[in-house]
Amino acid sequence: MPDTELLHLLQTTFGYPAFRPLQREIIGASLAGRDAFALLPTGGGKSLCFQLPALVRPGLTVVVSPLIALMKDQVDQLQAAGVAATFLNSTLGAAEARSRLAGLHRGEWRLLYVAPERLLLDGWQDNLRAWNVAAVAIDEAHCVSEWGHDFRPEYRQLAKLRDLLPGVPFMALTATATERVRADIITHLRLHEPELFVASFNRPNLTYRVLPKDEPLKQILDFVHRRADESGIVYCATRATTERVAESLAKRGVAARAYHAGLTPTERSENQELFLRDEVRIICATIAFGMGINKPNVRWVIHHDLPKNIEGYYQETGRAGRDSLPADCLLLFSGGDAAKQTHFIDEMTDEHERNVARAQLRQMTHYAENGACRRRELLAYFGETFPLDRCDACDNCLEPRDTYDGTLVAQKFLSCVYRIREAGRFGVGVNHLTEVLTGADTEKIRRWGHDRLSTYGIGRELARPQWAAVGRELMRLGYVAQSQGEFPVLELTDAGLTVLRTRTPVTLTKPMDAPKARKTIRREGDIACDEILFARLRELRKKLADERRVPAYVIFGDATLRQLAREYPTGDADLAGIFGMGEKKRAEFGATFAAAIRAYLENNPRMTFTVS
């Protein structure tokens, strides 16, 4: 299909003026009947890659989706745009399920959303053969890999569909996958010479910050009060913490609910639905919440506790700003959280799993403590190089931390590593090393004779946690390495030995401190508009959504409302070209919003906005 026709379909159905990066190429591969692997960041438009081809080709596109909430959410949005889409899952009554199955046999639907385990039920093979399946899209495809952050065994069984549907193109889509996970997905789904599409992992509209954790409930409240009308997610490590944070917020008048696996399915569903419909501003959740959540106007994500790995952190922060408008990501960091996780890792029975978990935790801790650009660090993890020296959208770029001459403390630390190894022909871990530096009187120190070393007690000017932080920075700088295994020990690298012998000056970064006065910056994705009109249009959107019993963003996203509040369209012709307003939505809602804007202008002046 020519580009002009695809663009016309994109604009008239979804109201989008252009394709996002790689969407057109992925759609082209699918329409040509080829298998495809697509790695697009959260908010990068993965769904459109299989939704638009489904409108073009005859037959049914089957979309494998792991979450019931995601199925309903996407189907609601597609139906609002005039697309014949449906889902089948356990939430449907017997009569409704039969009705939808009958519609599938009659060829009434273009897209069917279904869970992987349902596709593999007895009797479904005949259904799939009878429904003229033209394409299969596997969303959240990282679930197929044991090396991914959310492995689901039922995803491995999807390879059976290749024999059932020979010649049907498959598309695997995910937002996060290292090279190892990508290879795993392609192998276990039996993709046939797939075309690979890997977009940039950069989310330019997200601002990343890390703060030292200090009275976290107070820190969260301060953060939330500055964002009175915004939706956000607080991720916590345990169920108990989610409950405690949600209760604390609710007691202070902030609409918040908890979400974790310990709640009943009804409670989880209710709390999620309240959040999606903007009845509840904040969800306090374990990592059980969020995969596939399609709420585009999450304006911030807070991590109350240290995530286990960078991949999970990236996925969770990616739930903010899916509409490409600015959003904030805040991580509250303490060395105590890392110590707790280390304790849990030590209790794992599988040695390989322990080693992987330790390495992942080290990477996450390095990210939190590092003084370099956070965006560069995140992209580097996924093998991507950020082309600029600074992003101007993270705390380390906006408010660079002070550095100091760390030559003396580095010499003391490196000397202690060297002397311990020289004395006993074996290395020690960080905790023991800090005890030697600070002159601790422990049974191990006496038994190994480390109280007789020349470096014993030479670091009493710093507390043990401060020495541990120095050690972690020397690891980041490549002067010290930490071994793998159950009892990781410190070793000097060649570079560290050179620094020790030549007394090369070493510059270290001061630890994170309380936030400074923040600079005012124009953030990527900002749409300046009449904020009072925007608030009124949000109220109108909420009313229309409640009448239809759908989330507000099914009517229009925030980007659409902000453009309406910037351009003041007062008639049908003025609505042409408004982002996110396809023909069906324009016909259904356009007159209502235009009338609201006319009424607003009767008592309020138009504002003008410079184009940046």
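Predicted model: local features only at pLDDT ≥ 70, side-chain atom pairs only at ≥ 80, totals over all residues.
Which elements cover the buried residues of α10? Among them are β1 (36-39), α8 (153-156), β6 (170-174) and β7 (195-198), where helices (H or I, at least four residues) and strands (E, at least two) are DSSP runs, numbered from the N terminus.

Residues are numbered from 1 along each chain as its sequence is written, and side-chain values use heavy atoms, with hydrogens and water left out.

Helix α10 spans residues 179-188, and its buried residues (under 20% relative accessible area, with a 1.4 Å probe and protein chains only) are Val181, Arg182, Asp184, Ile185 and Ile186. Just after this helix, Arg190 adopts a positive phi of about 55°.

Let me turn to the open sheet, whose 6 strands run in the order β8-β13-β12-β9-β11-β10 with parallel pairing, two strands being paired if DSSP finds at least two bridges between them. Its edge strands, each pairing on one side only, are β8 (206-212) and β10 (256-259). The partner strand β11 (residues 282-285) joins β10 in the parallel sense over 4 bridges, and Tyr259 has Ala285 in β11 as its bridge partner.

Finally, Gln411 lies in helix α19 (residues 407-424) and is buried, with a relative accessible area of 8%. Leaving aside neighbours within four places in sequence, Gln411 is in contact (heavy atoms within 4.5 Å) with Val499, Leu500, Arg503 and Thr504, and its side chain reaches the backbone oxygen of Val499 at 3.0 Å.

Note on methods
Buried < 20%, exposed > 50% of the residue type's maximum accessible area, 1.4 Å probe, protein only. Polar contact = N/O pair within 3.5 Å; in protein donor to acceptor, adjacent residues only side chain to side chain.
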